[in-house]
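Biologist: I am new to this structure. Please walk me through it in short steps.

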Amino acid sequence: MKEYNVLQYGAKGDGRANDAFAIQHAIDDCAKNGGGRVVLQSGKVFYSDSVKLRKNVDLHIQKGATLKATSNIDGYIRPNKLINDPKTALIGNPVTGKPSFVFIYAYDAEGAMISGEGTIDANGHAFVQRKDRYYVTGEFYPRPTVIYFEKSDHITFKDFTVIDAPFWTLHPAGCNDVLIDKIRILNDLDVANSDGIDPDHCSNVRITGCHIECADDCICLKTTKGNSEYGACENIIIDSCTLVSTSAAIKIGTEGVGDFRNINVSNCIISRSNRGLSIQIRDGGSVENVSYSNIMIETRRFCPDWWGTAEPIVITTFNRDENTKSGKISNIRFFNISAKGENGVLIHGNADNLIENVTFENCSVTLTKTSKWPCGVYDLRPCLEWGVEKLDNSAFFIRYAKDITIMKTKTAWGELCESYKFALDAENVENLELVRFEGEAADSGLDSIRLNNIRIVR
């Protein structure tokens, strides 16, 4: 493989001079010659405006090298091509379009790659300000995405580390055949929206062996409105990852105008997280054929600024607004899941949209109070009619569902909270089957199971 040394193109690597022109020149030459490797050398800090990666180019950051993003927002590529001043035009805007600012950008870059054991420093604290001791946000929104690849097939992200993202870290959109292997994402746990990996309308994705710590979701599958010209998010493998999140460690949604299907999550450890596994459907896309297996989950509640109240598993479908009917959720399987935290499993559909065909097998759920924040709540945001609801916590809390099976599964209690109640609390469920289900109420004076408007099979 032919290598292109950015120092030979004029890069200084001193952490002060802007090396974007030299890096981009090396990338462009590499692409013109059919591809190869652009190398950022060890022991150097390459301070840079945005760069655009191209077809069959491997941006290789050697161990001991750092690619550091500029603090000047005018140096960022803008896929949205905003006409107005971005610092005013973006205030309060939802995440509905393509990224407004991108540090490393690729479009139609088949075979592109980022590799090496070096570091990408996203310089996120140049774009944020503190709201309170638990929460940091920015003066404009959305803030820069670190890596955004669009409509680029057969792409690879391997071995490198990203630190200090101001917004989403790695966002492939409309891509087929995506390999994300052994990368580290180390973001501060108080920087809002600093998601780890967000595959968006992507297919045939493998995320393996990664370690991610971030505020908001570690791995979040999306089908955003801004990229709705692409297909479903499908054929996804997530395996052997360790995750810490102030929102959900692994989530499907909430941005979901397209479908999600054929997703396999296995052999992961989730710790110190606000939520574990989450499926949150608020738009028209549906979810089907999802398997979770061999996963350990530990949850704690962060401050109320973050979505979630320490639920280890969440499956919800609600209409986002009066003009949106949420999609269906069906055929979801949990096998060999161990969950311990401040809240229990939450499954909540609605009267005209039941969650269907969910199975728990060989699972354990233990509730134990560990944080200073109040219990007795479930977080159903975002949606039209619900919010953070004051409800007693149970190991399983199920509303508006159909064909639910819980087998060879146990529940238990640790440090008690006054709002802890039942092993199972279910209402408006059709065909609830319990097979070798074991659990007691938190209070010996209560029945272990509370049922209302249930058709149950034992």
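Biologist: What percentage of the 458 residues of the protein count as buried?

Modeller: First, a word on the source: this is a predicted model, where local features need pLDDT of at least 70, side-chain atom pairs count only at pLDDT 80 or more, and totals for chains, interfaces and linings use all residues. Residues are numbered from 1 along each chain as its sequence is written, and side-chain values use heavy atoms, with hydrogens and water left out. Buried means under 20% relative accessible area, exposed over 50%, and partly exposed in between (1.4 Å probe, protein chains only). By that rule, the buried share of the 458 residues is 59%.

Biologist: Which radius of gyration does the protein have, and why does it agree with a compact globule?

Modeller: The radius is taken over C-alpha atoms, and the globule rule is 2.2 Å times the number of residues to the power 0.38. With 458 residues, that rule gives a value near 23 Å, so the protein agrees with it at 23 Å.

Biologist: What does the C-alpha trace span along its principal axes?

Modeller: The spans are taken along the principal axes of the protein. They come to about 75 × 40 × 40 Å.

Biologist: How many helices and strands does the secondary structure hold?

Modeller: Helices (H or I, at least four residues) and strands (E, at least two) are DSSP runs, numbered from the N terminus. The count for the protein is 2 helices and 38 strands.

Biologist: What share of the contacts with a separation of 6 or more joins residues 24 or more positions apart?

Modeller: Contact means heavy atoms within 4.5 Å. Among contacts with a separation of 6 or more, residues 24 or more positions apart account for 75%.

Biologist: How many cavities of 30 Å³ or more does a search of the whole structure find?

Modeller: Rolling a probe the size of a water molecule over the atoms shows where empty space is left. On a 1 Å grid over the protein atoms alone, a cavity is a set of points where a 1.4 Å probe fits but cannot get out, and a pocket is an open set with protein on both sides within 12 Å along at least five of seven lines; lining residues have an atom within 4 Å of a point. Grid points are joined across faces, edges and corners, and a volume is the space filled by probe spheres set on the points. The number of cavities found is 2.

Biologist: How does the lining of the largest cavity divide by class?

Modeller: This cavity has a volume of about 40 Å³. Its lining includes Arg-301, Glu-342, Lys-369 and Cys-375. Ala, Val, Leu, Ile, Met, Phe, Trp, Tyr, Cys and Pro count as nonpolar, Asp, Glu, Lys and Arg as charged, and the others, Gly among them, as polar. The division is 3 nonpolar, 3 polar and 3 charged.

Biologist: Which strands each supply at least two residues of the lining of the second largest cavity?

Modeller: About 30 Å³ of space lies in this cavity. By class, its lining has 8 nonpolar, 1 polar and no charged residues. Ile-337, Ala-339, Ser-364 and Val-365 are among them. The strands are S30 (329-341) and S33 (364-367).

Biologist: What is the volume of the second largest pocket?

Modeller: Phe-318, Asp-352, Glu-385 and Trp-386 are among the residues that line it. The lining divides into 4 nonpolar, 2 polar and 2 charged. The volume is about 150 Å³.

Biologist: Where is Pro-382 found?

Modeller: A cis peptide bond joins Arg-381 and Pro-382, with omega about -10°. Pro-382 is in the loop between strand S34 (377-379) and strand S35 (388-390).

Biologist: Which strand holds Thr-254?

Modeller: The peptide bond from Gly-253 to Thr-254 is cis, with omega near 0°. Thr-254 has its place in strand S24 (residues 248-256).

Biologist: Is Asn-193 buried or exposed?

Modeller: Asn-193 lies in the loop between strand S18 (184-186) and strand S19 (203-208). Its phi is near 70°, a positive value in a residue other than glycine. Its relative accessible area is 17%, so Asn-193 is buried.

Biologist: What is the relative accessible area of Asn-56?

Modeller: Asn-56 has a positive phi of about 60° although it is not a glycine. It sits in the loop between strand S5 (51-53) and strand S6 (57-61). Asn-56 is partly exposed, because its relative accessible area is 35%.
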